[in-house]
Amino acid sequence: MEAVPARVRTYVACVAVAALLCLLPLPGIRTPWWAVALLAALYAGCERVARSRFVGISHPAGTFCPVLLAGAFLLPAPAAALVAVPGALLSQVEHRPVALRRIWRAAQLVLGVWAAARTHWLLGGRDAVAAGDVPYALGPAGAAVLVFCLVLAVLDGGILAVAERVPVRRAWRGLVARSLAPIAVHGLAGLMMAVLWRSPYGPVAALLVLLPMCVSWWAFAQYHRERAAHQATIRALVQAVDIKDGYTRGHSERVGQASMMIARELGMDDERVEVLRFAGILHDVGKLGVPTRLLRKNGPLTPEERRMIELHPEYGHEMVRGIGFLGEARAAVLHHHERLDGSGYPYGLVGRQIPESARVVAVADAFDAMTSNRCYSRARPVPVALAELERCAGSQFDPVMVAALVEAVGRTGWRPAVTADDIEDTEGAQDVRPPRVPPPGAPVSSPPGAHR
């Protein structure tokens, strides 16, 4: 917990205090405590199963919302909020600090459920549930689900902005859109549970609603396992490249990070951002087909040796073209050494003939190459590298991609990476947040992207 910045601890503490204020009225309200205990135990059990090895969901989106929303539709707001506390505090946490993460999750859910229950009650939803008037109950339930989703999104965006210093506007971008559909489905199941709970059949009938939800939960878990398999495939390929070309160890991950920064700056949706991250990570996978002696050679290459190295985009494309989930990342692997003026390789494409994904990766690749130590060149300062990219924009690089990287690095900074041999000399290096660099008066020696 000591490693967590003070601003993050303060933010979590404020959210936790707000959650406690929501629970304060509990002693003074009439509450069916047996129902609170049953729903809390059910929610804790469902969370435990959802995050177990059998199911394998550890993402926060894996919260079992039907039980929480059923509580919001059945109970007074403070009592409904209490349902989330045991499950959140006892949930499995993979990363440290465990206690802080559990407190954050519990406080976040308390506020979300309290707001949803309050909204549902103000709109008369509880009377509709008690009367079994499902058509009328849909309106208040829908409003409660929307409020629940908004509260979680606001809190998630806030922690992202505070912890990672993401701009506020960007921190909340897409959070509601991504979570509203699955939470709406959970809300419908929660409403069905609440209506059946109030029916003559009682809580036993309400629990039957969870059976189809468990099936969908299992399908959701398989999707996450498939994504984990994708990540493992990519890691294996990258590790093979790093072992073969030790001087550029870590280069692939850094290019993936820079590609992601450019894509986000351009406003691409999350799915494309992820694909471009894959493209950056895998752009040099074709080096597995290049002789190691050439990759590690000190000094200039002969024309024949350069031609052999310039085959690596085609080797890489052959290796990844059968991996369906990579999508447009495959085009980036093949074309990331093309230049806007047509002097690049392997096909000499010009301007917009070069796929957008390749234009993104080309800028990210050159930037990291210039800011990293290699066997044939020393790292340049970040402002110098950005200035060189701007100088070559329009001839070698897409100006739009260059401007996006300059803007992103200027706002969030970049930690220049070094090879393993240089770590001792640069220990304690700090993030660099360069000022906006004007076009240089004189060209910098050796063009960017002339790396191996």
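**Close-up 1. Val285 sits in the loop between helix H14 (270-282) and helix H15 (292-295).** Helices here are DSSP runs (H or I, at least four residues), numbered from the N terminus. This is a predicted model, where local features need pLDDT of at least 70 and side-chain atom pairs count only at pLDDT 80 or more, while totals for chains, interfaces and linings use all residues. Residues are numbered from 1 along each chain as its sequence is written, and side-chain values use heavy atoms, with hydrogens and water left out.

With a relative accessible area of 2%, Val285 is buried (buried is under 20% relative accessible area, exposed over 50%, partly exposed in between, using a 1.4 Å probe and protein chains only). Setting aside residues up to four places away in sequence, Val285 touches Leu237, Val241, Gly316, Met319, Val320 and Val333; contact means heavy atoms within 4.5 Å. Take Met319: it is 34 residues from Val285 along the chain, and their C-alpha atoms are separated by 7.9 Å.

**Close-up 2. Helix H19 (residues 356-370) crosses helix H20 (residues 382-392) at roughly 145°.** Their axes come within 9 Å. The axes are lines fitted to C-alpha atoms, for helices over the stretch in contact, with angles running from 0 to 180 degrees between N-to-C directions. The crossing is right-handed, i.e. the near helix is turned clockwise from the far one by less than a right angle. On the H19 side you'll find Val363, Ala366, Phe367 and Met370, meeting Val382, Ala385, Leu386, Glu388 and Leu389 of H20. That contact splits into eight nonpolar residues, no polar ones and one charged (Ala, Val, Leu, Ile, Met, Phe, Trp, Tyr, Cys and Pro count as nonpolar, Asp, Glu, Lys and Arg as charged, and the others, Gly among them, as polar).

**Close-up 3. Trp34 and Trp197 make a stacked pair, one of three aromatic pairs in the structure.** Rings of Phe, Tyr and Trp (its six-membered ring) pair if their centres lie within 6.5 Å; planes under 30 degrees apart are stacked, over 60 edge-to-face, and the rest tilted. Here the centres are 5.9 Å apart, with 20° between the planes. The pair links Trp34 in helix H2 (residues 33-50) to Trp197 in helix H10 (residues 175-198), 163 residues apart. Trp34 is exposed at 52% relative accessibility, whereas Trp197 is buried at 10%.

**Close-up 4. Phe367 and Trp414 pair edge-to-face.** Their centres are 5.2 Å apart, with 65° between the planes. Phe367 lies in helix H19 and Trp414 in the segment after helix H21 (399-412), so the pair ties together parts that are 47 residues apart in sequence. Both Phe367 and Trp414 are buried.

Terms used. Helix = DSSP H or I, 4+ residues; strand = E, 2+ residues; numbered from the N terminus.
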